[in-house]
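Colleague: I have a new model open and would like to learn how to read it. Could we start with pockets?

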Amino acid sequence: WEEYLKETSSTPAPASCFRQEPPRPPQNNFKPGMKLEAVDKKNPYLICPATIGEVRGDEVFIMFDGWRGAFDYWCKYDSRDVFPVGWCSLTKHSLQPPGNSGKCPPLGGSRRLYEEAV
């Protein structure tokens, strides 16, 4: 960076211009069946309604409501790709409607039980 900034006669944006990252929650409090809003990793500009399918240690399995599993993924519980219900409304970000596969994960259900149902 030093050389590039000198060559382009540029000044870097100071760290004070950026919002500090929030502290990491001390533990994973997610439980299967909890609802949330999550980034679609295949289309990262989309945020969709989702359900926690499973919890393993510090990871959670994100299941997109109304879709058959092609978009589901594992992530760390403190991922910046998951948000509480209402986050999109609060931040004026568009929340996508649930998919229309007709199969939404059951409240409190696990990924295994959901897959057996479809």
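Modeller: For residue classes, Ala, Val, Leu, Ile, Met, Phe, Trp, Tyr, Cys and Pro count as nonpolar, Asp, Glu, Lys and Arg as charged, and the others, Gly among them, as polar. A pocket is an open set of points on a 1 Å grid over the protein atoms alone, where a 1.4 Å probe fits, with protein on both sides within 12 Å along at least five of seven lines; lining residues have an atom within 4 Å of a point. Here, the lining of the largest pocket has seven nonpolar, one polar and four charged residues. Among them are Glu-21, Arg-24, Phe-30 and Tyr-77.

Modeller: Two cautions: this is a predicted model, where local features need pLDDT of at least 70 and side-chain atom pairs pLDDT 80 or more, while totals for chains, interfaces and linings use all residues. Residues are numbered from 1 along each chain as its sequence is written, and side-chain values use heavy atoms, leaving out hydrogens and water.

Colleague: Is Ser-9 buried or exposed?

Modeller: Buried means under 20% relative accessible area, exposed over 50%, and partly exposed in between (1.4 Å probe, protein chains only). Ser-9 has 69% relative accessibility, so it counts as exposed. Ser-9 also has a positive phi of about 50 degrees, although it is not a glycine.

Colleague: And how do I read strand pairing?

Modeller: Strands are DSSP runs of E, at least two residues, numbered from the N terminus. Two strands pair if DSSP finds at least two bridges between them. S1 and S2 run antiparallel, joined by six bridges.

Notes:
Helix = DSSP H or I, 4+ residues; strand = E, 2+ residues; numbered from the N terminus.
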